[in-house]
Amino acid sequence: MKNNKLFLGFREEGETVTLSMESLQKHIACFGASGSGKTVACKVIVEEVARAGIPVIAFDPQGDIASLIHPEPDDQLLEGKGIPAGIRDSFAQSVEVVIWTPGSSKGLPLSINPLRFEDASGLSVEDSLRFFSATARNVAGLIGYDTDNDEGKAAESALTAVFEYCAARHIRMSSFMELIDLLTDLPESINNIIRPVMSARLMEDLLRKLRLMTMGSRKLIFETGYPASVEALLGLDRTGTSKTRVSVIYLNTLGSQEEKEFFMASITQMLYNWLLNNPLKKGQDGLQALLYIDEIAPYLPPVKMPACKESLMLLFKQARKYGLGCLIATQNPGDIDYKSIAQISTYCIGNLKTNQDLSKIETRLEAMAPLRVKEILSQIPALTKGNFVLLSPDEFSNEIKFRIRWLVTRHDVISEDQLSELTPEELRNKYKLTPKKPEIQTRESFSDNSFGQPFESEMAAADPTKKPTPEYDNETVLVADHALFEADLYKKIRPYLPGNFFGLIKYEKLMSATFDYLPLIRADMIYTRRKSWFSKQMEELPLTLYLDYRSMEIVTISKRSIRFKAMTKIEPHKIEDFDNKVHFIEEKRDKTDYDFRKLGRKLDKEEVKTLLSRKYNVSVSNIQLVLLPVWNCQLAHRKSGTQRKLQLDACLGFCVSKQ
Ligand SMILES: Nc1ncnc2c1ncn2[C@@H]1O[C@H](COP(=O)(O)OP(=O)(O)O)[C@@H](O)[C@H]1O
Ligand SMILES: [Mg+2]
């Protein structure tokens, strides 16, 4: 065990207060009303632990932990607070703070694929069963089930059965699409397990909920960024640097509480599995890492059992024997499941006023310092900012009243917009996925799309250092109303697959599909033509044409295909396209889930006008950007395994092809 003492602050008399690493290994909780100084206190502990060479994973729900990345530049300020500048220097020199952003490229993008079961391969039967049911509960919670009621439990058991089936047969699932596929066509052995608990209606509902995960912004948390791994979070995947990593997981980039819970549960489960696979070596004791969760209340509710609560409780219980210290903070000790934190042996209590909170603490105090309960309780409501009562019976026989030291890093809120500057290019490069190029590209836009993993152009498009073009803001876009869902793709795609003479057997199968938009340009115009071949009389026909956004080729539809043509002999009013077939809805750009930076360049309306009026005798009145929803399908030949891609529009179910 490293003999480091953590320098926490000063007693009233000025004496320094330190805490041993052993105490940390038995977990610390920090309580106090909002503004009492909890986050500062916890960040002091993080600074000290990281300075001692122990990596930290910190969940940041409010954006004020990320500022650990800025060492305090003001020596005088530190001196005034009684902190030697050397502490700051040792932090700055030996610690690397990394800010991960789930489902977003603002910081270092971090993604989670809950269907990756590689982690489970080394686990005992019991641990892997627990892992599958926890993953099932986590996925069920994410897609909107209340896992405490019957429907949620049924969905959870169905998913558990499928996950166990896949793991036993080494079936790798890389997307929700594949899970949907499996659930739609269940093998008999799982069907027998699921049928008694799932009605057809419940199964339909489960499939519908899963389908929503494959669309729009929700799928970003599975697809945007580096797949989370404990090695990366703890910085064990590096070479050539001895810096200790502090990984801050910035939760504000996630839109909903379900997503935050999902992330928390996934990472705690991952961490637990990692600990099982990396126990302390014989004779080794001490801390391998610290997990810090600020404002933990929503993740540890008193009655409900979200997946993250289950995983957190397991972690609190088991972590110390694996050398993982847990540090949690909450302003509402009354709003957390108190039993679940019975494992915690050190408490740092700041100002608390409500009776509900005080009575919760009282039960814990009775166990820890039975003779001092009244005395301590009387002090708590009078504590001012930064002042705490420290209780750690294993280390100190009495409680200690102290003032937390000030930080050697800044304490402010880092907004999402500031994150891009705080992520060095070399880190971005390191955690950029090596993209796999598709073998066949049917259309240019294909290279923008990910099949499981983002391609280079997508990463570049999502690069926050490339600011979006300001002209795009608040403008509207036409989005085609679409009705083709992933589950229907199997049917819709069949006509495009090679097969035997009767078309009953298809030689290719659909492996996966990702949803995206194809950018097009819509131009409204008046076409002036002679009324008839012999007549001199002219007539004006209003019409609409669509062009490919990049090549500006004209869209035509024929034989169930959407084609693009630079030249066509057909008169413009006779061109078959989306008219009367597809309904377009006008939307504010920021309401769509399309990343407009992918367009590359801005829509040049003049250029479109010139191009069209050169082709036809038209005068263009209106030009608008259109998003055509499409499915990018990955196909594989059943025998040879050769893969190819096919793009289907999500409105008509027609194939999008260059020729
Ligand atoms: N040791 C300290 N010395 C001076 N001011 C402090 C100290 N600890 C906290 N504060 C003040 O209290 C404010 C709130 O602290 P913070 O830790 O963010 O509160 P909480 O997390 O409990 O809501 C800080 O911004 C700071 O101004
Ligand atoms: Mg706080």
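Visitor: Where is the place of Lys559?

Guide: This is a predicted model, and in it Lys559 sits in the loop between strand S17 (554-558) and strand S18 (561-565).

Visitor: What is phi of Lys559 near?

Guide: Phi there is near 45°, a positive value in a residue other than glycine. Most residues other than glycine have a negative phi. Asn580 also has a positive value, near 65°, and is found in the loop between S18 and strand S19 (584-588).

Visitor: And why is Asn580 called buried or exposed?

Guide: Asn580 has 7 other C-beta atoms within 10 Å, so with the limit at 12 or fewer, Asn580 is exposed.

Visitor: Then what makes Ala58 count as buried?

Guide: Buried takes 20 or more. Ala58 has 25 C-beta neighbours inside 10 Å, so Ala58 counts as buried. Ala58 belongs to strand S4 (residues 56-60), and leaving out residues up to four places away in sequence, touches Val46, Ile65, Val246, Ser247, Val248, Ile249 and Tyr292.

Visitor: Where in the protein chain is confidence highest, and where lowest?

Guide: S4 has the highest, at 98, while helix H17 (residues 456-461) has the lowest, at a mean of 37. Over residues 434-473, pLDDT stays under 50. Where pLDDT is low, the predicted coordinates should not be read in detail.

Technical notes:
Residues are numbered from 1 along each chain as its sequence is written. Chains are lettered from A and ligands numbered from 1 in the order in which they are written. This is a predicted model: local features need pLDDT of at least 70, side-chain atom pairs count only at pLDDT 80 or more; totals for chains, interfaces and linings use all residues. Helices (H or I, at least four residues) and strands (E, at least two) are DSSP runs, numbered from the N terminus. Two residues are in contact if their C-beta atoms, placed from the backbone, lie within 7 Å. pLDDT is the predictor's confidence in each residue, from 0 to 100.
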